[in-house]
Amino acid sequence: MLYLIGLGLSHETDITVRGLETIKKCSRVYLEAYTSILMTASKEDLEKFYGKEVILADREMVESKSDEILHNGQTEDIAFLVVGDVFGATTHTDLVIRARELGIKVESIHNASVMNAVGACGLQLYNFGQAVSIVFFTENWRPDSFYAKIEENRKIGLHTLLLLDIKVKEPNFKEMMRGRTVYEPPRYMSVSTCCEQLLEIEEKRGEKAYTPDTPCVAVSRLGSPTQSFKAATLKELAEYDAGAPLHSVVMLGRQVHDLELEYLLEFADDKEAFKKAVRADQEYFKPPPPPPVEEEEFSD
Ligand SMILES: C[S@@+](CC[C@H](N)C(=O)[O-])C[C@H]1O[C@@H](n2cnc3c(N)ncnc32)[C@H](O)[C@@H]1O
């Protein structure tokens with residue numbers, strides 16, 4: 001049996017009781033360590049807490065050598081640990097499909113995930129459109145496929161959850177050219193970098209899917225003791241220092257419910273200014289009022 005076990009967001013003790021009991025009966029325990037990080041626990045902390053060796057599974061192992069992970073899964077119990085919930089990235093769904101093809105049974109044990117950002121900052125799941133990923137721009141690669149998705153969401157008034165890039169094991173190409181394999185330290189995209197990139201693309205495309213004044217919420221270290229939220233405009237968040245990773249951003253859509261706004265004001269430095277930005281944004285992509293119905297004249 002392959003057990004996919006969610007670890008929650010922050011600490012080794014965030015695992016569920018069912019998840020912990022399952023790990024204890026597994027013969028091998030893998031930790032997927034590249035789509036997210038546990039903010040306040042290391043691999044060693046996990047091993048101590050579980051009383052078991054934990055094998056780090058990097059992208060190469062999960063995506064190209066999954067046979068190693070799934071080996072003997074028909075007869076042995078294997079645990080595959082994922083930070084957050086077990087289905088937060090396509091790579092996890094892919095592993096389940098490969099296990100099924102090999103006749104290995106799969107069970108998922110869910111946990112809190114970055115999806116909890118929605119409720120934690122006072123917003124309603126019903127008002128969200130498609131989520132988007134924002135990747136680090138490089139000198140000659142500045143992908144903007146997120147733009148059309150945000151525009152689609154905002155045209156129908158929905159909020160967008162933006163998940164930010166994590167680069168865990170990047171080769172240093174200059175060193176590789178010299179015949180040495182050297183990896184760069186991990187990089188986690190910050191709220192400010194995300195917002196700067198969004199502003200750059202809006203300036204380039206100019207279709208006004210959003211503007212520098214669009215209201216957003218920065219979500220930092222969700223689920224950890226230092227979690228924080230900040231409600232401000234996109235241009236303000238481009239200059240905001242949100243502290244240690246991990247970060248996400250929510251861009252609001254026009255359908256902000258009064259209750260959502262009331263909750264969000266708690267996170268705004270200047271409540272009046274934020275309220276004004278939300279009210280102005282509610283005029284965005286507002287459908288025109290229907291044409292007046294012409295009264296038909298009836299004659300007997
Ligand atoms: C691909 S998602 C991983 C989802 C993970 N499996 C889960 O269920 O939470 C990774 C991105 O989600 C966001 N994220 C994950 N945990 C977060 C947290 N605790 N606080 C803020 N953002 C978080 C970050 O933008 C991060 O780069």
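## A walk through the model, pocket by pocket

Start at the second largest pocket, which 27 residues line; select Ala 33, Tyr 34, Asp 58, Val 168 and Lys 169, the ones that lie nearest its centre. A pocket here is an open set of points on a 1 Å grid over the protein atoms alone, with protein on both sides within 12 Å along at least five of seven lines, and lining residues have an atom within 4 Å of a point. Now colour the elements that give two or more residues to this lining: strand E2 (28-32), helix H2 (43-50), strand E3 (55-57), H3 and strand E8 (166-167). Helices (H or I, at least four residues) and strands (E, at least two) are DSSP runs, numbered from the N terminus.

Before going on, a word on what is on screen. This is a predicted model, in which local features need pLDDT of at least 70 and side-chain atom pairs count only at pLDDT 80 or more, while totals for chains, interfaces and linings use all residues. Residues are numbered from 1 along each chain as its sequence is written, and side-chain values use heavy atoms, with hydrogens and water left out.

Back at the second largest pocket, about 650 Å³ of space lies inside. Volumes are the space filled by probe spheres set on the grid points, which are joined across faces, edges and corners.

**Next stop: the largest pocket**

The largest pocket has a volume of about 980 Å³. Select Thr 35, Gly 88, Ala 89, Leu 163 and Leu 164, the closest to its centre among the 37 lining residues. Two or more lining residues come from each of helix H3 (59-64), helix H5 (90-101), strand E7 (160-164) and strand E12 (247-251). By class, this lining holds 21 nonpolar, eleven polar and five charged residues.

**Zoom out for a moment**

With the chain in view, its C-alpha atoms fill a box of roughly 80 × 60 × 35 Å along the principal axes. A cartoon display gives twelve helices and twelve strands. Of the 300 residues, 47% count as buried, meaning under 20% relative accessible area, with exposed over 50% and partly exposed in between (1.4 Å probe, protein chains only).

**A helix pair: H7 and H9**

Show helix H7 (residues 145-155) and helix H9 (residues 191-205), which pack at an angle of about 85° with their axes 10 Å apart. Axes are lines fitted to C-alpha atoms, for helices over the stretch in contact, and angles run from 0 to 180 degrees between N-to-C directions. That angle makes H7 roughly perpendicular to H9, the label for 65 to 115 degrees; under 35 is roughly parallel, over 145 roughly antiparallel and the rest oblique.

Is Asn 153 buried or exposed? Asn 153 is buried, at 3% relative accessible area. Beyond residues up to four places away in sequence, Asn 153 touches Gly 129, Gln 130, Leu 158, His 159 and Thr 160.

**Backbone details**

Most residues other than glycine have a negative phi, and most peptide bonds are trans. With that in mind, centre on Pro 245 and Leu 246, joined by a cis peptide bond with omega of about 10°. Leu 246 sits in the loop between helix H10 (234-237) and E12.

Then select Arg 221, in the loop between strand E10 (215-220) and strand E11 (228-233). Arg 221 is not a glycine, yet has a positive phi of about 50°; the residue is buried, with a relative accessible area of 12%. Phe 285, in the segment after helix H12 (271-281), also has a positive phi, near 55°. Phe 285 is partly exposed, with a relative accessible area of 25%.

**Last pick**

Finish at Ala 277 in helix H12. Which residues are in contact with Ala 277, leaving aside neighbours within four places in sequence? They are Asp 213, Pro 215 and Thr 233. Ala 277 is buried, at 12% relative accessible area.

Conventions:
On a 1 Å grid over the protein atoms alone, a cavity is a set of points where a 1.4 Å probe fits but cannot get out, and a pocket is an open set with protein on both sides within 12 Å along at least five of seven lines; lining residues have an atom within 4 Å of a point. Ala, Val, Leu, Ile, Met, Phe, Trp, Tyr, Cys and Pro count as nonpolar, Asp, Glu, Lys and Arg as charged, and the others, Gly among them, as polar. Contact means heavy atoms within 4.5 Å.
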